[in-house]
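These are my notebook entries on a structure that I examined entry by entry. Each entry records what I looked up and what I found.

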Amino acid sequence: MSNEQDRDDGGGGATRDAGGCPDLTTNQGVKVGGDNNSLKAGPRGPTQLEDFILREKITHFDHERIPERVVHARGEGAHGTFEVTQSLADLTAAKFLQKVGQKTKVFVRFSTVIGERGSTDLPRDVRGFATKFYTEDGIFDLVGNNIPVFFIQDAVKFPDLIHAAKPEQDKAIPQAATAHDTFWDFASLTPEITHMLLWAMSDRAIPRSLRMIEGFGVNTFRLVDAKGQARFVKFHWKPRLGTHAVVWDEAQKIGGKNPDYHRLDLWQAIERKQFPEWDMAIQVIEEKDEASFPFDVLDATKVWPEQLVPLQKVGRLVLDRNPDNFFDETEQVAFCPSHVVPGIDFSDDPLLQGRLFSYLDTQLNRFQSPNFHELPINRPVSAVDNNQREGFMRHALDKGPVAYSPNSLAKGCPFHAGVRGFNTYPEKIDASKVRARHPRFGDHFGQAELFWRNQTDPEKRHIISAFSFELSKVQSVSVRKRMLDLLSQVDMTLAGRVAANLGLTVDDPNAAMKRLQTDWTTYGVTSPPGQRRDYANVKAPELSMFYTVKDTILSRQVAILIADGVDGAQVDAMKAALVAGGAVVEFVAPTLRPVKRSDGKTITPDKSLQTAESVFYDAVYVPGGPPSVAALKKVGKAIHFLNEAYVHYKSIAATDEGVDLLMSTSILPPGGKEADLFKAPGMVGSRAPADVAKVAQQFTAAIAQHRHFDRVDVARVPA
Ligand code: HDE
């Protein structure tokens, strides 16, 4: 052998005594001497076909991918526990919902809908919120979204919706965005979509964190009690940290600078033991009352306003463990709305009915096997016993000759559970088969208007901007105009302001409706509008994000801008106050070199201005120390950091000479007076170093507000 040193097949390659570190093996459990080189005819010769080590390794690698989900491809998950806080024994026989304090293990997967698996976390999109409950009665999957309504009323339109929203089929553009012609063409010809569009153009579609989204089962289910009586139910998740969003400019920047922003945020919060928590709440409608509401309980484009159907908090969800392996758990978890347990049943919602078929079908495509329920993440904790057999990758070892029922040779086992098992609710149906939609599904605008009316002014401004952004990206002027006609059915201010941004006009809603009807007839609309229902007397503050939880800075990210000579006492006081409130504080300096404080100590920066961006933080503080401020004044990125934080309505604090750095930004208009600096909402600070404790207190209160949308002059600031 000419090159003995390079041999790694036991002839000199690195080996380690098995002191806890296992030896490398093949998939057959055979220890491998070494695999740094393939087996060749001489060190420069061709590879040998007999090299089973090479072939096994490369073949396995070649087959590593499974098809990504056709929708909701990008996601992240976590393990946790669901705990009952109010017994549902009077409403359902589901065993896991009976007793206060009862706990059930869960796995939750969050997702975006449209983007591919490698896309970004912050497109404007709906977020999936799917929960697998490992109950003693078997798996219950609550496969929900962060928006309580849906785009369409009937599952048969789902492929059309998704084809329109996904990248256009000829050029595969754009990725993870609805801002293109095909989506808005479909939308303008699908009037039932109107309510959902308002939600999708609201800040709900650009969450600050997955820990700060609501969850909704969207479809109507049934709870069936021990006596067999059923009631309609909707499921909700309410985040303990409140429902919060970023602003659109920020979302786009985060998308480029850290596409894994939400994934990392969820992971790090759990690692820090700041466990995300939600309350589970339900709304219940008695079957006898179903006709007494302005909406049809089977229509997934409608909410049940809380004033009409109050929420009851019944449980608590805590996510307290990150997955061990992304593929094995987050990717391979397989949710199906058809996975219900005794005590939970379906309604006739035609969207839900189609979903009951689609999810099982899509899992067969993803796993190429009907045995995906045997994967560890999908396995129920209750026994699985039936006569289903074989198929690709079967793991269960089914013993004995019997795989059929009825049988006597296995004593009849497994036997029907009868009343102890799942028995479909015996709903009475007396109908003719029709391919049609019920007229009660025809109110496409009443709740869209209700939603719009219940938004605060900043929220309305954001919705107008979102429609304007998306429709400006649409090339077809006729599609833009048709969308404006549709918006005029909701609110003329909304339609008019969007029209102005597009350089178009809208006339009166009646004329618009005539044009729409002509187009809808021409192009074959799915479900033309019928009778509009009146929600004038309904107040629905829950539709706004403004009234959400705003009393905590738990897990908020705060940057402290520092350079050599920074005042140590001010930094310590501010950091201590923020950490006491549960915030995560990071020191950001021009470089990663340790920074010398005024008192001679050093601070190792967490980030440098090369990688730290204001969009990754909820708030920023500038401490005093003349050399520190002088150095930061010379770094354009530091000035930009503050300008951008201001434009994104974030809380900003400064003490002592730190105020000088703020005076070097564009936060004040040219010639603006220092006395005005801290008059703007969310701006706090003082020239007096001794005020740092007071400033920290005001800063904490400001950060808890999340954003200061009443800052009216941000458009002036370059960022
Ligand atoms: Fe889904 N949806 N969906 N969907 N959906 C899927 O199943 C489908 C709908 C939702 O993290 C797919 O496993 C149809 C509503 C979430 O793994 C697929 C219709 C809601 C997830 C599918 C809907 C959802 C999915 C693709 C119209 C909110 C991700 C991959 C009737 C209540 C689950 C998969 C995860 C995933 C079909 C509408 C939520 C193709 C046909 C309404 C959270 O089966």
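Predicted model: local features only at pLDDT ≥ 70, side-chain atom pairs only at ≥ 80, totals over all residues.

I placed Q698 in helix α19, residues 692-704; helices (H or I, at least four residues) and strands (E, at least two) are DSSP runs, numbered from the N terminus. Between the C-alpha atoms of Q698 and P350 I noted 51 Å, for residues 348 apart along the chain. I then turned to K238, which belongs to strand β7, residues 230-239. K238 is buried, with a relative accessible area of 16%. The C-alpha atoms of K238 and A448 are 22 Å apart, and 210 residues separate the two along the chain.

Residues are numbered from 1 along each chain as its sequence is written, and side-chain values use heavy atoms, with hydrogens and water left out.

Which residues come nearest to the ligand? I found R69, R109, S358, Y359 and Q363, out of 22 residues around the ligand; a residue is near if one of its heavy atoms lies within 4 Å. I next looked up pairs of N or O atoms within 3.5 Å, the limit for a polar contact. A polar side-chain atom of R69 is 2.7 Å from an oxygen atom of the ligand. For Q363, an N or O atom of the side chain lies 2.9 Å from a ligand oxygen atom. For Y359, a side-chain N or O atom lies 2.6 Å from a ligand nitrogen atom. The elements that give two or more residues to the shell are β3 (127-135), β4 (138-145) and α8 (350-367). I recorded that α8 supplies the largest share, six residues.

Which protein donor does the iron atom of the ligand have? I found that Y359 (OH), at 1.9 Å, is the only one; donors are N, O and S atoms within 2.8 Å of the metal (3.2 Å for Na, K and Ca), and sites may look incomplete, as water is not among the atoms. Y359 lies in helix α8.

I searched the whole structure and found 28 aromatic pairs; rings of Phe, Tyr and Trp (its six-membered ring) pair if their centres lie within 6.5 Å, and planes under 30 degrees apart count as stacked, over 60 as edge-to-face and the rest as tilted. F221 and F346 have ring centres 6.5 Å apart and planes at 55 degrees, so this pair is tilted. F221 lies in strand β6 (residues 221-224) and F346 in strand β10 (residues 344-346), so the pair ties together parts 125 residues apart in sequence. Both F221 and F346 are buried. The rings of F546 and Y547, with centres 5.2 Å apart and planes at 85 degrees, form an edge-to-face pair. F546 is partly exposed at 44% relative accessible area, whereas Y547 is exposed at 55%.

I found K550 over the face of F546, at 3.8 Å from the ring centre; NZ of Lys or CZ of Arg must be within 6 Å of the ring centre and within 35 degrees of the ring normal. R124 lies over the face of W248, at 5.1 Å from the ring centre.

Methods: Polar contact = N/O pair within 3.5 Å; in protein donor to acceptor, adjacent residues only side chain to side chain. Buried < 20%, exposed > 50% of the residue type's maximum accessible area, 1.4 Å probe, protein only.
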